[in-house]
Structure formats: C-alpha cells, structure tokens
Amino acid sequence: MKLQPIERRSGLTRREFEEEYLKKNKPVVFTDLAAKWPATEKWTFEWLSKNYGHLEVPLYDNNFRKPGKGYLTPTKHMPFGDYLALIQQGPTELRMFLYNIFKHAPELTSDFAMPHVTDGFLKNFPMMFFGGQGAKVDLHYDLDCATVFLTQFQTRKRVILFAPDQGDYLYQHPFTVQSEVKLDRPDFELHPALLKAQGYEVVLEHGETVFMPHLWWHYIYYEDGGFSLSLRRHSTYTRTRGIFNITRHFVVDKGMNYLLGQRWTNIKANMAKKRAMAVL
Ligand SMILES: O=C(O)CCC(=O)C(=O)O
Ligand SMILES: [Fe+2]
C-alpha cells in the first residue's frame, strides 16, 4: 500500500481550485478556507458544552455496522456536555454523527460560510462529526456521492483517501459503500491486493479543510478527541448517482441484512475477495 501526502495549499482562487483539483478529481488540503469563519475561534469544547451541553445525543461505537438487530443503530445516548468531557479526557471509540445538531442549534450555521471556491454546496446539509482519541471511521465512500469539504477543529484527524478505481484492491463490499479492510491494522495475508493500493494521506490540523472528490474512499482516524464540519456539494451527475446508491443501500443491503444477517455479510465478503483475486 502506498500513500502519498495530500498537497496543502493556501490562497487558492476559485479558478485555481476548479482547474487544478475539482475538474481533475484530485484531493487537496486548504489551509485557510475556514480562516475567516467565526467557528474556528468560537467552537471550543468549553463553548459548545456551555451552550449545548444539555442536548441528548446519540453515540455509536464500532459495532454499529455489525449485522443483525443493532445494524446502524446508536449504542447509547448521553447529554452532549458529558460526551464532550469524555472525548477530552482520553481515548474512546464512541462517535457522534447522523445527528443534526443544526436542527437543535440553528444559530451555529452563522459561524461558517459556504466556500467561495466553487458552486453547488448543499446549504441545508452541513454535518458535524465528533469522536474520541483512537476513534475511527472504517474505509468507505459516501452513499450520497457528494463531494465533501471536511474542516477540522481544535485537534488533529488523520484522513486516508483512495480514488474510486482502487476499489478492487480495497476489497469493496458489493451493493454497499463499505470496504472490507481495516486500515488501522491492515492484514496483508488476508487482503494481499491491498499491497497494490495507492492512496493519499494527511493529518488535518485545526482550521484545515480537506477536499474529498465524489466517490472517493476515505478512512478517518481521530488522532485526538475532536470534531469536524462537513460541507457537501453536488453536480447533476453526483446527485443522480447518489439517489441510485441510497436506493440500493436501503432496498438491497438493509433488506438482505434483515433476511440473512451474518450470512449476507459472508456473501459480500466472498464477492469482495473474488474481485481482489482478479486484480492480484
Ligand atoms: O470525520 C468523520 O468522523 C467522518 C467523516 C466522513 O466520513 C465524511 O465526511 O463523509
Ligand atoms: Fe464519509
């Protein structure tokens, strides 16, 4: 497996970004896209806790994708303030996502702005992700196929990306957006094709934003407990493709998981293995 660093750029104009990165589907890290946002100063653990600590939030551990009854359901709920204290204290795999904090705190949306570097941002879909030190997001690509601008706050987060054409080396599970490999402890005996995968890597610092082209694989590791904001963008193509993926996910994958449980996971794993064998 070969990972090259993602380029860091500052002062990118719209024209430069669109020509050099967006049109080429090439990732980049903006060091200053969020420089003028009030959020970069204001959103500290203390401030969030003081103002929104009372909100009851859903949390997930790494088992939320395990087949069966608990598939994609939260592990527990807790007041947001307690959760923020927990991720500041030390390692925990508990993450908070799929919770629209902006619905409960709409004023937070005035602390950032849609980037000027291109069009098509979904103004109504900002999302926040929280995790403790050591938390990880297994390798996947986003179901809605949007292009993602992920901005990191306060602490560091490692992001590993692979282009869509690397799917076979990554043991992609058919009918889903999930890869079989665990990038925190890669097993090259189990997954020999992974050795051939070529990707990109960066450790995002406070205030930095990574541009992830649509359909790109991403793995995320919380170097420290912290949080990010994702802003999403669509083109006509990504929107159509996204609707297809979402339908497939809910109809095929959730349906088969319900019917077959662990057997469905095994079937997907076998198909992933066959595809990887073919590219070895
Ligand atoms: O940063 C995270 O915790 C998850 C981010 C992610 O998967 C995404 O923005 O699509
Ligand atoms: Fe994602």
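Colleague: Which residues does Val210 touch, leaving aside residues up to four places away in sequence?

Modeller: In soluble globular proteins, nonpolar side chains tend to be buried together. In this predicted model, Val210 touches Ile6, Pro27, Val29, Leu150, Val159, Val202 and Leu204, with residues up to four places away in sequence not counted. Val210 belongs to the largest nonpolar core, which has 46 residues, and together with Leu170 it touches the most other members. Another core, of 19 residues, lies apart from that one and includes Val57, Tyr99, Phe130 and Tyr222.

Colleague: What is the order of the strands in the open sheet of seven strands?

Modeller: Strands of a sheet pair through backbone hydrogen bonds, either parallel or antiparallel. Here the order is β2-β3-β12-β9-β14-β7-β6, and the pairing is mixed. At the edges stand β2 (8-9) and β6, each of which pairs on one side only.

Colleague: How many bridges join β14 to β7, and how many join β14 to β9?

Modeller: The pairing of β7 with β14 is antiparallel and runs over five bridges, while β9 and β14 pair, also in the antiparallel sense, over seven bridges. Strand β14 is mostly covered, with seven of its eight residues buried.

Colleague: Which residues surround ligand 1?

Modeller: The shell around ligand 1 consists of Phe97, Phe129, Gly131, Val137, Asp142, Val148, Leu150, His218, Ile220, Ser228 and Ser230. Two or more of these residues come from each of β7 (127-131), β9 (147-153), β13 (217-222) and β14 (226-233).

Colleague: Which residues of helix α4 are buried, and why do they line one face of the helix?

Modeller: An α-helix has 3.6 residues a turn, so residues three or four places apart point the same way. In α4 (residues 80-89), the buried residues are Phe80, Tyr83, Leu84 and Ile87. Seen down the helix axis, these buried residues fall within an arc of 100°, and they therefore line one face of α4. Asp82 and Gln89, on the other side of α4, are exposed.

Colleague: Against which elements do the buried residues of α4 pack?

Modeller: The buried residues of α4 pack against α3 (45-52), β4 (56-59), β5 (76-79), β6 (95-96) and β7.

Colleague: What is the phi of Asn25, and where is this residue placed?

Modeller: Most residues other than glycine have a negative phi, and most peptide bonds are trans. Asn25 is not a glycine, yet its phi is positive, at about 50°. Asn25 is placed in the loop between α1 (14-22) and β3 (28-30). With 15 other C-beta atoms within 10 Å, Asn25 is partly exposed.

Colleague: Is Cys145 buried or exposed, and what is its phi?

Modeller: Cys145 counts as buried, because it has 22 C-beta neighbours inside 10 Å and the threshold for a buried residue is 20 or more. The phi of Cys145 is near 65°, a positive value in a residue other than glycine. Cys145 lies in the loop between β8 (136-140) and β9.

Notes: Residues are numbered from 1 along each chain as its sequence is written. Chains are lettered from A and ligands numbered from 1 in the order in which they are written. This is a predicted model: local features need pLDDT of at least 70, side-chain atom pairs count only at pLDDT 80 or more; totals for chains, interfaces and linings use all residues. A residue is near a molecule or strand if its C-beta atom, placed from the backbone, lies within 6 Å of it. Helices (H or I, at least four residues) and strands (E, at least two) are DSSP runs, numbered from the N terminus. A residue is buried if 20 or more other C-beta atoms lie within 10 Å of its own, exposed if 12 or fewer, and partly exposed in between; C-beta atoms are placed from the backbone. The arc is that of the directions from the helix axis to the C-beta atoms. Two residues are in contact if their C-beta atoms, placed from the backbone, lie within 7 Å. Two strands pair if DSSP finds at least two bridges between them. A nonpolar core is a set of buried Ala, Val, Leu, Ile, Met, Phe, Trp, Tyr and Cys residues joined through C-beta atoms within 7 Å.
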